[in-house]
Amino acid sequence: MAMFIDLYTEADTFLHRMDPRVKVVSILLLSLLAFLVTNLYSLLVLLAFIFLLLFLSRATLSRTLFALKFVVRFMLLIVILWPLFDPTGTPVLATLGPVKITEPAIWRGVTSAVRVGCLATVWYILMFTTSQRDLVRALVKMGVRFDFGLALAISLRFLPTFGALIENIKDAQRARGLELGKGGLLKRSKNYVAVLVPTIVSALRTADTLALALQSRAYGARADRTYLRDLTMRAADYASLGVVIAIFALPMIARFVFDIGI
């Protein structure tokens, strides 16, 4: 199995050229919009807009599928489980003992799943189009301590790596005859110890290597930092920020000022 080193995909698109500070603010505004919007159709429009941006980011198909498969599974889980734990509303479509499945509960589950899809996928736009260096620089320029920005960048960098590492360890243990999916819950839990231990050892080895790499580059030797390339806002960045602010503001004005259901 191929191991992803980073979700960032190098390309020459307007999203890649955009100032990372604009992308961070835009992602936060779109995430907040997904929280505040309650109408299913409005959420579907927002999700379609996010997928359009993902398409325009020109991320490779393998990276896109790797990132979105977890989101899609979670969305399906919400759609299936929500009606089972929310019996309110009418009409009742089915009754399974004490469990009542109602039509409003199904639509509430679909709405919640779409909202989760918006909140999850919108952050992939940032990760697909922003390098770790630019992300850290943007956060520092926005007032975040460099240590915190570096910690976030390292987390984003190694999450997909460790996900792929776990899958590789599983494949290696299956090749040795270990059946991870068979047996009762206790037996399966014991089988996964053979996956957990190598993963922890690999994580500790990676952390040690990373610490040595930072020390070899004299990280923390001086309080003041210099940067090879600084961030500057261009006219296109201001225009993009204005468009995103408008996308956020118009539904909020419609809902809270004119009391229109959005």
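Reader: Which residue has a side-chain polar atom 2.8 Å from the backbone nitrogen of R21?
Author: This is a predicted model, in which local features need pLDDT of at least 70 and side-chain atom pairs pLDDT 80 or more, while totals for chains, interfaces and linings use all residues. Residues are numbered from 1 along each chain as its sequence is written, and side-chain values use heavy atoms, without hydrogens and water. The residue whose side chain places a polar atom 2.8 Å from the R21 backbone nitrogen is D19.

Reader: Is D19 buried or exposed?
Author: D19 sits in the loop between α1 (14-17) and α2 (20-36); helices are DSSP runs of H or I with at least four residues, strands runs of E with at least two, numbered from the N terminus. Buried means under 20% relative accessible area, exposed over 50% and partly exposed in between, with a 1.4 Å probe and protein chains only. The relative accessible area of D19 is 3%, so D19 is buried.

Reader: Which residues does L15 touch, leaving out those up to four places away in sequence?
Author: L15 lies in helix α1 and counts as buried because its relative accessibility is 5%. Contact means heavy atoms within 4.5 Å. With residues up to four places away in sequence left out, L15 touches K23, L53, L56, S57, I125 and T129.

Reader: How far apart are the C-alpha atoms of L15 and W107?
Author: L15 and W107 are 92 residues apart along the chain. The separation of their C-alpha atoms is 34 Å.

Conventions:
Polar contact = N/O pair within 3.5 Å; in protein donor to acceptor, adjacent residues only side chain to side chain.
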